[in-house]
Amino acid sequence: MIGKANLCGRRVKIGRANKDMSQIDLSAAFSVDFGMEISQKAISRLERGVRPVTDLELVALSKILEVSVLWLVFGDKQPK
């Protein structure tokens, strides 16, 4: 875990894939649903664990991907 900027990147990628969303789709959802501008490049960096995630972004990710914050952070057995 040393050298990682977030705990949830891998699960964001899984959640996005489970919803059949591209990184561009996720970026658009941030903008449309939450008024947050997060580029496709930033999402790529987030998924690779090299970009930190704010608490507001974590909550937005949870809602967009329809999973719990706990699953995103800790990988609990089942999403929501």
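Where does N6 lie, and what does its side chain reach?

Tutor: The model is a predicted one, in which local features need pLDDT of at least 70 and side-chain atom pairs count only at pLDDT 80 or more, while totals for chains, interfaces and linings use all residues. Residues are numbered from 1 along each chain as its sequence is written, and side-chain values use heavy atoms, with hydrogens and water left out.

N6 lies in the segment that precedes helix 1; helices are DSSP runs of H or I with at least four residues, numbered from the N terminus. N6 has a relative accessible area of 10% and is therefore buried (under 20% relative accessible area; exposed is over 50% and partly exposed in between, with a 1.4 Å probe and protein chains only). The side chain of N6 reaches the backbone oxygen of R51 at 2.7 Å, and a polar atom of that side chain lies 3.0 Å from the backbone oxygen of L46. Both are polar contacts (a pair of N or O atoms within 3.5 Å; within protein, one must be able to donate a hydrogen and the other to accept it, and residues adjacent in sequence count only if both atoms are side-chain atoms). Not counting residues up to four places away in sequence, N6 touches L46, G49, R51 and V53, where contact means heavy atoms within 4.5 Å.

L46 belongs to helix 3 and is buried, at a relative accessible area of 2%. Beyond its neighbours within four places in sequence, L46 is in contact with N6, G9, V12, R51, V53 and L61. The C-alpha atoms of L46 and L7 are 9.5 Å apart, although the two residues are separated by 39 residues along the chain.

The axes of helix 2 and helix 3 come within 8 Å and cross at roughly 110°; axes are lines fitted to C-alpha atoms, for helices over the stretch in contact, and angles run from 0 to 180 degrees between N-to-C directions. Helix 2 is therefore roughly perpendicular to helix 3, a label for angles of 65 to 115 degrees. At this crossing, Q23, I24, L26 and S27 in helix 2 meet Q40, I43, S44 and E47 in helix 3.

Key. Helices (H or I, at least four residues) and strands (E, at least two) are DSSP runs, numbered from the N terminus. Angles under 35 degrees count as roughly parallel, over 145 as roughly antiparallel, 65 to 115 as roughly perpendicular and the rest as oblique.
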